[in-house]
Amino acid sequence: MTKRFDQIIVGGGVMGASIAYELSKRGYHVLLLEENIIAGEASSAAAGMLGVQMEFEQDSPLFRFAKESRDLYSRLAKDLLEESGIDIQLIEKGALKLVYHQDEIDDLKRIASFQTQQKVEAKVISPASIPEKELATDFYAALYCPTEGQVSAPHVTKAFAKAAEHYGAVIQEQTKVQDILSENGKVKGVKTDEKVYTAESVIMTCGFKSSHFSRYVNQLTPVKGECLSVVTEKPLIQSTIFTEGCYLVPKRGNRIIIGATSKPNQTDKNVKVASVLHLLSRAKQILPALNQATIEEAWAGVRPLTKDGLPYLGEVPGVSGLYVATGHYRNGILLAPRTSTFLADIVEGKQVNQTYLEAFSLKRESIISV
Ligand SMILES: Cc1cc2nc3c(=O)[nH]c(=O)nc-3n(C[C@H](O)[C@H](O)[C@H](O)COP(=O)(O)OP(=O)(O)OC[C@H]3O[C@@H](n4cnc5c(N)ncnc54)[C@H](O)[C@@H]3O)c2cc1C
C-alpha cells in the first residue's frame, strides 16, 4: 500500500521535528518517520546552550545564521507553548567564558569587540567584577555575554514535534527508513520495512546516521559526548559557565548540566567512569560548592560533524526533491529554528540567502578540519 504526502521527513531529532513544524505550519501535509522515538538521540543529550557568543569568535556565514536562529527563540518559546503545551524552558541569564592565562586576554578582547560590532552585548571582566559570586576566582578574565540564552533540548524537540502534529503533520515512531526511492533524477518517496510512502519531497535529517545514506550525503564523523547533571540545595549560578573542555549550564529546579566530552568516531552511549571523574573534577575547580551537590544522572549522545564543521543544508545534487539537513555538530539546538525556515524556503522554491546556500551546499568538498 502506498500513501502520499507533500513532504516526508526522515528522522525525529531537533532538525526533523523543527522542519516538520515549519512545513506543516505553512499548510503542507507532512509525514515524519523516526526509527526509534522523537528526541531519542543527540537532541535529548544536548545541554541546550544557545551559544552564539560562546562558540563563535569571528564573523562567518555560520555565525550570522546562528545569531538569526537564536533571535527566533523568544518568539518560538511563546508559540510552541501555545501550539504544543510544552514549555521549552528558555532562560536568558547570560554566559561567561573563563580564561586561565594572561596571554588569552587579547583574544577575549578581540572577541568582545567583534561581538559588539555585530550588535550583541559582550565585555571582558575581571574576577573581582564577576556577577557569579560562588565561582572560584583563579581565572584570569572572563568574556561576559549577558544576553546569551539556553533551553531544555528534549523539551524543544518534543515541542516542535507536538506543534507539527497540531498543524496536521503525521508522526510515526518505530519506523526505520531503509531506502530513498527516486526515478529519472526525481525523488519519489521512501521505503520502510513494511511500506512505501510517496511524496513530492523527502528531507533527510538523520543526524550522525545520515552516513547510512552515503549515496546522497557526504561522509560525517560521529563525535560522542558525555554529560551529567547534579542537583544543589540552593541555586549556585545563574549564567552558563564556559571554559575550555567543560561547561556548567544551570537549569530549573537547581539542576546543573555539566558537559561534555568529545570522542570522535565513537557511537556507543556508554558513560565512562573516567569521563565523569574528569568532568566533575573540572567542574568542582570552577564552582567549589558543587562538592555538596547530588549526582542526578549521566548520559551520552552523538554529534554529527562534517569535514569543515559547517552543516549540510540543501538539495542533493542530481536528485530533485531530495534534501538534507544535518551536520550541525555541537550547535544543533541553537541552529534548528533558522535551519527549519531556511529548508522550508528552499523546499517551497523561494529566494534564499545566496551566501548561506553556497556555504552549506552539499556540493562542497572541503577538507579543512576543525
Ligand atoms: C553531549 C552533547 C551536548 C550538546 N550540547 C549542545 C548544546 O548545548 N547546544 C546545541 O545547540 N547543541 C548541542 N549539541 C548538539 C546537538 O545535540 C545536535 O547538533 C543536534 O541534536 C542534532 O540534531 P539532529 O536532528 O540532526 O540529530 P539527532 O538528534 O541525532 O536526530 C536524528 C534522528 O534520526 C533518526 N534516524 C536516523 N536514521 C533513521 C532512519 N533510517 N529512519 C528513521 N529515523 C532515522 C534517529 O533515530 C534520530 O532520532 C550537543 C550534543 C551532545 C551529544
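How many residues surround the ligand, and which are the closest? Here are some notes to read beside the structure, which is a predicted model.

1. **Around the ligand.** The ligand is surrounded by 42 residues, and the closest are Gly11, Gly13, Gly207, Gly225 and Gly332. Several elements give two or more residues to this shell: the helices α1 (14–25), α2 (42–45) and α8 (332–347), together with the strands β12 (221–231) and β17 (294–305).

2. **Where the ligand lies.** Domain 1 covers 2–83 + 153–218 + 307–359, and domain 2 covers 91–148 + 221–305. Both domains give residues to the shell, so the ligand lies between them.

3. **The protein as a whole.** You can look for nine helices and 19 strands in this protein. Its radius of gyration is 21 Å, close to the 21 Å that the globule rule gives for 370 residues, so the protein is as compact as a globular protein of that length. Along the principal axes, the C-alpha atoms fill a box of roughly 65 × 40 × 40 Å.

4. **Burial and contacts.** Of the 370 residues, 48% are buried. Among contacts with a separation of 6 or more, 75% are between residues 24 or more positions apart.

5. **A strand to look at: β14.** Is strand β14 (residues 246–250) enclosed or open? Five of its five residues are buried, so β14 is largely enclosed by the rest of the structure. Both of its faces are covered: one side carries Cys246, Leu248 and Pro250, the other Tyr247 and Val249, and all of these are buried.

6. **Its partner β13.** Strand β13 (residues 240–243) pairs with β14 in the antiparallel sense, over three bridges. To find one of the paired positions, look for Phe242, whose bridge partner in β14 is Tyr247. The two strands form a hairpin with two residues between them, and Gly245 takes a positive phi near 85 degrees there.

7. **Its partner β15.** What joins β14 to strand β15 (residues 255–259)? Four bridges do, and these two strands run antiparallel. In β15, Ile256 is the bridge partner of Pro250. This hairpin has four residues between its strands, and Gly253 in the turn has a positive phi of about 70 degrees.

8. **Putting it together.** Then go back to the ligand and its place between domain 1 and domain 2.

Methods. Residues are numbered from 1 along each chain as its sequence is written. This is a predicted model: local features need pLDDT of at least 70, side-chain atom pairs count only at pLDDT 80 or more; totals for chains, interfaces and linings use all residues. A residue is near a molecule or strand if its C-beta atom, placed from the backbone, lies within 6 Å of it. Domain bounds come from an automatic or database domain assignment. A residue is buried if 20 or more other C-beta atoms lie within 10 Å of its own, exposed if 12 or fewer, and partly exposed in between; C-beta atoms are placed from the backbone. Two strands pair if DSSP finds at least two bridges between them. The radius of gyration is taken over C-alpha atoms; the globule rule is 2.2 Å times the number of residues to the power 0.38. Two residues are in contact if their C-beta atoms, placed from the backbone, lie within 7 Å.
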